[in-house]
Amino acid sequence: MSSSTVEPTLPPPDRTTPEHPSHEAHLARPHHHHPPAGRRPGNRLAGLAGLVDAHALALLRATVGIVFVGFGVLKLFPSASPAEQLAVDAATKMTLGLVPETVLLLSLAALETAIGIGLIVGRRLLRPALVAFFLHMGGVFSTLVLLPDAMWQPHSPAPTMEGQYVVKNVVLVAVCLVVAANEWGRRPRP
């Protein structure tokens, strides 16, 4: 008894269409239902990214404005702001102790609230709000020099908790630099 094995033969490849090795792998995979093009998750993310991109400057202005209004309003209520004493101490040094603490605190509260409102509203209030913001930040960062014992850990270049509270304002400065660059880069309004 003899057994013979017959090897299958494949038809010759069709030379008119290019070979696609991935085509065979694609046929082996189960087919999944794909939602219409407008409903794919990637398209939704792209749509959201486009929306954020279209309103990025307004979003930046509004978020920094909300932070400023919130911190400004807190200073209107005694002991409500954790930065109240730090702000008063720095402002007292800057004014050489000539202005009463309550006046300094109310002035800071009004300034921060006004900056916040100007950033949120924009339009004609935006440029004065940006100028006030950068002047205010000059005062804020001066505390790193004016109040070294409160800002820096002893025998270390590391900031204290209060110092970190001041240093993190570099983020707000960066945001407002972007907003200012856009605002001052535009043509003047009629």
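1. Of the 190 residues of the protein, 26% count as buried, a term that stands for under 20% relative accessible area with a 1.4 Å probe and protein chains only. The model is predicted, so local features need pLDDT of at least 70 and side-chain atom pairs count only at pLDDT 80 or more, while totals for chains, interfaces and linings use all residues. Residues are numbered from 1 along each chain as its sequence is written, and side-chain values use heavy atoms, without hydrogens and water.

2. The protein exposes about 13,700 Å², of which carbon and sulfur atoms supply 67%; the areas come from the Shrake-Rupley method with a 1.4 Å probe.

3. The secondary structure consists of nine helices and zero strands (DSSP runs: H or I of at least four residues for helices, E of at least two for strands, numbered from the N terminus).

4. Among contacts (heavy atoms within 4.5 Å) between residues at least 6 apart in sequence, 64% join residues at least 24 apart.

5. Helix H3 (residues 56–74) and helix H5 (residues 101–121) pack at an angle of about 160°, with their axes 7 Å apart. The axes are lines fitted to C-alpha atoms over the stretch in contact, and angles run from 0 to 180 degrees between N-to-C directions. H3 is therefore roughly antiparallel to H5, the term for angles over 145 degrees.

6. Residues of H3 that meet H5 include Phe68 and Phe71, and those on the H5 side include Ile117 and Leu119. By class, this contact of H3 with H5 has 13 nonpolar, four polar and two charged residues. Ala, Val, Leu, Ile, Met, Phe, Trp, Tyr, Cys and Pro count as nonpolar, Asp, Glu, Lys and Arg as charged, and the others, Gly among them, as polar.

Note on methods: Buried means under 20% relative accessible area, exposed over 50%, partly exposed in between (1.4 Å probe, protein chains only). Angles under 35 degrees count as roughly parallel, over 145 as roughly antiparallel, 65 to 115 as roughly perpendicular and the rest as oblique.
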